[in-house]
Amino acid sequence: MKSTCPLLSIILISFVLLLCTSTPVQASIGGDDVLVTTGGNPQLVSIDAASDGTLYAATDYDEETSRFEIHIYRSQDGGLTWILWGKIADPDPDHRYYRPSLHVAEGAVNRCFVAYKSVYLGQTATEIHVAYSDLALSQGDFSNQTVALAGANKDFDNPDLTSDAVNYSSFYLFLVAEEYQPGLITGSSRIWYARSINRGDTFTNSMVLDSKTGSGLHDPDISYGFGNFLHVAWSRHSGDWSQVDYRRGTSTGTTIDTWDDVQTLQTPDETRY
């Protein structure tokens, strides 16, 4: 039937055209996601921000021409665009890096820190290293590297890194990681802690926060907070159950007696697989 209101038809047509022209075209990766990198088979990513809003992200990277490296990306426009800012790599293909934990700390020095797992093929032990670059560099330089946790027949993994830079210019760095030692019947698993009082040049005061035989301690996470306390949580797995444990310590403490007893946040009955 012919419309008796041409003005209404014009309004409807204009509204449809407005919708068509104002609807954003989604990228192939979906929504308003921003593509940081392609290739490299990244498994983990760790991200942090500087006080000026600059973003830094680290991920593991593995391709035929770049084997088992850590790549660090930077965004200076609020995450809209990213550049490859730095790498942690070794020309020896048997030296491999995994599982980055990135942390930005500013004060007496302004640095981007990356803790990561270091593996050398043919050796039974794996280590946790920490590298850093000055934030002011147009291209990151992570040649400043130190061994934070290491030991004979120790398999260190899953580091996590933080600092007290929110309160102190001459900040300390705090590191946790898991470690596994296989045994003939059951292996032992530990959560380790270490700190750096010289802004990443060396790590000392390493200690075991928890140790178990016959169950695995995994994925520790560390946070610094009010009252100069450190807060560490991790998961514990055994058979068909798991639980979450927690321990609090002082950032100034150098011995295990400065840490409270381990608490269980979630019991096996609450965290079934």
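1. S13 and strand S14 (residues 229-238) pair in the antiparallel sense through 8 bridges; pairing here requires at least two DSSP bridges between the strands. Strands are DSSP runs of E, at least two residues long, numbered from the N terminus. Across this pair, Asp221 sits opposite Ala233 in S14.

2. A word on the basis: this is a predicted model, where local features need pLDDT of at least 70 and side-chain atom pairs count only at pLDDT 80 or more, while totals for chains, interfaces and linings use all residues. Numbering runs from 1 along each chain as its sequence is written, and side-chain values use heavy atoms, without hydrogens and water.

3. The open sheet has 4 strands in the order S13-S14-S15-S16, with antiparallel pairing. Strand S13 (216-225) and strand S16 (263-266) each have a single partner strand, so one side of each lacks a neighbour in the sheet.

4. Val232 belongs to strand S14. With 0% relative accessibility, Val232 is buried (under 20% relative accessible area, using a 1.4 Å probe and protein chains only). Leaving aside residues up to four places away in sequence, Val232 touches several residues, including Val176, Leu209, Tyr246 and Trp259 (contact means heavy atoms within 4.5 Å).

5. Do look at strand S6 (residues 111-120) too: 9 of its 10 residues are buried. Strand S5 (residues 95-105) pairs with S6 in the antiparallel sense over 9 bridges, and a hairpin of 5 residues joins S5 to S6. S6 also pairs with strand S7 (residues 126-134), antiparallel over 9 bridges. In the S6 and S7 hairpin, Gly122 takes a positive phi near 95°.

Technical notes:
Buried means under 20% relative accessible area, exposed over 50%, partly exposed in between (1.4 Å probe, protein chains only).
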